[in-house]
Amino acid sequence: MSLSQTSQTEKVLRVSLCLLALCLAAFNLAPSSSGEENKPQSDATSVAYFTIPENQHWDAQNRYVDSIFIDSGAPVQQLRRHHYAVQFVPLPVHFGDQSLRVALWDHPKVPAAVLTSPPGFTELGRKDFLAWVGSGRNVVFTGGYATLSAMNALFGFELEYVPYREGPYWRNDRNVGGTPFQYGPARIEETGAAYGVKIDSIPLTGYSMYDTNRDSLVFYIKYNKGIVCYVGASFGDLDEADPWGAV
């Protein structure tokens with residue numbers, strides 16, 4: 001395989017990881033037979049400014065969501081080319097509390113969001129967004145150190161980013177079982193900058209999906225009823241015509 005073909009394939013694998021991360025939303029929204037979803041939310045979630053009615057549920061019939069919130073940096077053209085049925089809903093993360101709240105209220109069934117840069121939430125917007133995620137939604141962060149800092153500030157994590165380390169990054173088969181990541185590639189390599197965190201800094205409610213030498217490049221963390229996911233790469237340079245984007 002030529003160098004250019006290898007580079008292009010690795011770019012596609014990064015988008016595949018982003019899509020696998022979005023699939024967590026479908027898994028997370030599937031109703032539980034134990035009836036846990038019908039229990040009232042804790043006080044920590046219910047006091048947030050933006051709340052979701054407790055009687056709203058979504059049936060996950062397949063591994064893919066049908067709509068997602070996106071910010072201005074999301075790789076829309078590539079995703080739309082191979083997932084034409086997905087509705088992309090702009091999320092105004094830098095335009096004030098009113099715009100954010102309107103977007104969340106007007107699209108109550110959108111189960112996931114993709115953020116490619118640190119959101120500019122005010123304190124009120126932060127409370128609304130935390131309540132949205134905590135009520136059972138999935139947010140996927142991509143990018144680098146600035147994004148990790150934003151995750152710490154938003155959710156109170158203490159993620160420790162690590163200096164750039166050359167790949168490959170291996171699928172953590174101890175953790176991926178029962179998640180969409182079990183269908184992902186066994187290994188990934190960076191075609192540009194890759195950004196990871198120390199595995200030991202991931203909260204106990206989190207799991208590393210791809211890692212190497214105690215550094216994690218892809219992981220997710222449970223947050224109340226929702227999920228916070230991180231994919232440590234940029235997707236802005238992906239060729240939208242590449243058919244592997246359909247993975």
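**Before the close-ups.** Partly exposed here covers relative accessible areas between the buried limit, under 20%, and the exposed limit, over 50%. Keep in mind that this is a predicted model. Side chains of opposite charge can pair when their charged atoms come close. The structure holds five such salt bridges, and the panels zoom in on some of them, including the one between Arg126 and Glu123.

**Close-up A. Arg126 and Glu123 pair up within helix H5.** Their side chains form a salt bridge, with N and O 3.5 Å apart. Both partners belong to the helix spanning residues 123-134, and three residues, about one turn, separate them. Glu123 has 47% relative accessibility, so it counts as partly exposed. Arg126 comes in at 24%, which makes it partly exposed too.

**Close-up B. Lys198 reaches Glu160 in a salt bridge.** Here the closest N and O atoms sit 3.5 Å apart. Lys198 is part of strand E8 (residues 196-198), while Glu160 is in the loop between helix H6 (145-155) and strand E5 (161-162), so the contact ties together parts 38 residues apart in sequence. Lys198 is partly exposed at 38% relative accessibility, and Glu160 is partly exposed at 41%.

**Close-up C. Asp200 and Arg214 link two loops.** The pair makes a salt bridge whose closest N and O atoms are 2.8 Å apart. Asp200 lies in the loop between E8 and strand E9 (206-212), and Arg214 in the loop between E9 and strand E10 (215-223), so parts 14 residues apart in sequence get tied together. Asp200 has a relative accessible area of 66%, so it counts as exposed.

Conventions: Residues numbered from 1 in each chain as written. Predicted model: local features only at pLDDT ≥ 70, side-chain atom pairs only at ≥ 80, totals over all residues. Heavy atoms only, no water. Salt bridge = Lys/Arg side-chain N within 4 Å of Asp/Glu carboxyl O. Helix = DSSP H or I, 4+ residues; strand = E, 2+ residues; numbered from the N terminus. Buried < 20%, exposed > 50% of the residue type's maximum accessible area, 1.4 Å probe, protein only.
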